[in-house]
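Visitor: I'm new to this one. Can you walk me through what we're looking at?

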Amino acid sequence: LEYLIALLLGVFGSLIAWEISLHYRHWCEAIIRSAVGRLPDDQQPIRREEWLAALNDCVGLISSFSHAAGCWVGAPAVAAAGPKTVVRATKDSTDKRGPTIRIEIAQKIIYRRVRAKDLQDAAKDMASAAFDDIAGIGFKSAANIAWALARVFKILGELLGGFMRGLK
Amino acid sequence: LADDLKLSAAGLRLVSLFAQDPAKRWSGTEITKAIRIGSGTLYPLLAKLEAAKWLTPEWENIDPGEEGRPRRRYYKLTAIGARKARSALAEFQIGAQPVGRLAWNT
């Protein structure tokens with residue numbers, strides 16, 4: 001019976017190893033795509049191509065997984081090292097209930113698919129998030145904070161104006 | 001920004017690699033092999049050095065469709081980067097020198 005169990009375990013192990021060897025490249029690519037998804041939109045195409053090219057150069061399962069996992073772990077630091085966007089609002093999508101907007105502060109997605117009725121809450125959170133993010137990226141002086149907040153409120157004003165026009 | 005750049009040990013190894021031959025361009029994989037540094041450390045460092053204008057990136061000159069693989073991204077030291085790298089490495093070497101001397105060396 002022990003021999004039979006050992007034989008079955010061996011066969012099962014070989015099957016798993018064979019499956020892994022067939023699919024690991026796709027899994028690594030999926031990890032890299034997920035890592036790229038952690039970056040701001042403007043950095044995504046560059047890093048996707050760069051990291052997939054590096055994956056293509058990796059030989060073997062361990063180095064491929066190690067590269068893919070490294071990209072995933074390092075993605076927030078790569079995002080932080082990139083150009084800083086204090087506030088950005090872009091049209092996210094349009095569905096049957098109307099247009100939605102995606103709002104980012106310092107490259108973090110604060111709201112995705114925000115609607116007019118949610119804007120009031122969004123404004124409060126944006127202001128506090130702006131304070132946190134501005135402090136986090138090294139804007140120390142009051143002048144810079146005031147400048148950044150002025151931008152936040154200017155964009156919020158534009159958003160609200162756009163929504164009001166849309167509602168009319 | 002370049003003046004404020006603080007380099008870790010891995011960062012100094014990376015800068016030292018580039019400084020060995022400032023005209024040479026390196027891909028991420030070549031750097032990984034040369035200085036044994038993981039992707040999780042390497043790419044944030046490259047992004048940081050690129051943002052500080054120490055490094056300039058350039059894409060491999062191939063047609064990905066024809067080659068059947070994505071283009072590699074190469075990095076090269078800029079003139080500012082070469083100067084800053086020399087200065088950072090010199091500073092590190094001064095800092096790394098022992099404070100005292102052994103009795104038989106004096």
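Guide: Let's start with a term. A polar contact is a pair of N or O atoms within 3.5 Å; within protein, one must be able to donate a hydrogen and the other to accept it, and residues adjacent in sequence count only if both atoms are side-chain atoms. Also, keep in mind that this is a predicted model.

Visitor: Okay. How many residue pairs are in polar contact across the interface of chain B and chain A?

Guide: Six, with both residues of each pair at pLDDT 80 or more.

Visitor: Which elements of chain B supply at least two residues each to the side that touches chain A?

Guide: α3 (39-51) and β3 (73-77) of chain B. The largest share comes from α3(B), with eight residues.

Visitor: What classes of residue are on that side of chain B?

Guide: Eight nonpolar, three polar and six charged.

Visitor: And how many salt bridges are there between chain B and chain A?

Guide: The count is four. One pairs the side chains of Glu49(A) and Arg71(B), at 2.9 Å from N to O.

Visitor: How many residues does each chain put into the contact?

Guide: Chain A gives 17 residues, and chain B gives 17 residues.

Visitor: What area is buried between chain B and chain A?

Guide: About 1500 Å². Carbon and sulfur atoms give 58% of that.

Visitor: Back to Glu49(A). Is that residue buried or exposed?

Guide: Glu49(A) is buried, and it sits in α2(A). Others buried in that helix include Trp51(A), Leu52(A) and Leu55(A). Overall α2(A) is mostly covered, with 10 of its 14 residues buried.

Visitor: What span should helix α2 of chain A have?

Guide: It covers residues 44-57, and at 1.5 Å a residue those 14 residues should span 20 Å. The end C-alpha atoms are 20 Å apart, so the two values agree.

Visitor: New topic. What is chain A built from?

Guide: Five helices and three strands. Along the sequence they follow α-α-α-β-β-β-α-α. Chain A has 168 residues, and 35% of them count as buried.

Visitor: And what is in chain B?

Guide: Chain B has five helices and three strands. From the N terminus on, the elements run α-β-α-α-β-α-β-α. Of its 106 residues, 39% count as buried.

How values were computed
Residues are numbered from 1 along each chain as its sequence is written. Chains are lettered from A and ligands numbered from 1 in the order in which they are written. This is a predicted model: local features need pLDDT of at least 70, side-chain atom pairs count only at pLDDT 80 or more; totals for chains, interfaces and linings use all residues. Side-chain values use heavy atoms; hydrogens and water are left out. Helices (H or I, at least four residues) and strands (E, at least two) are DSSP runs, numbered from the N terminus. The expected span of a helix is 1.5 Å times one less than its number of residues. Buried means under 20% relative accessible area, exposed over 50%, partly exposed in between (1.4 Å probe, protein chains only). Contact means heavy atoms within 4.5 Å. Buried area is the accessible area (1.4 Å probe) that two parts lose on being put together, summed over both. Ala, Val, Leu, Ile, Met, Phe, Trp, Tyr, Cys and Pro count as nonpolar, Asp, Glu, Lys and Arg as charged, and the others, Gly among them, as polar.
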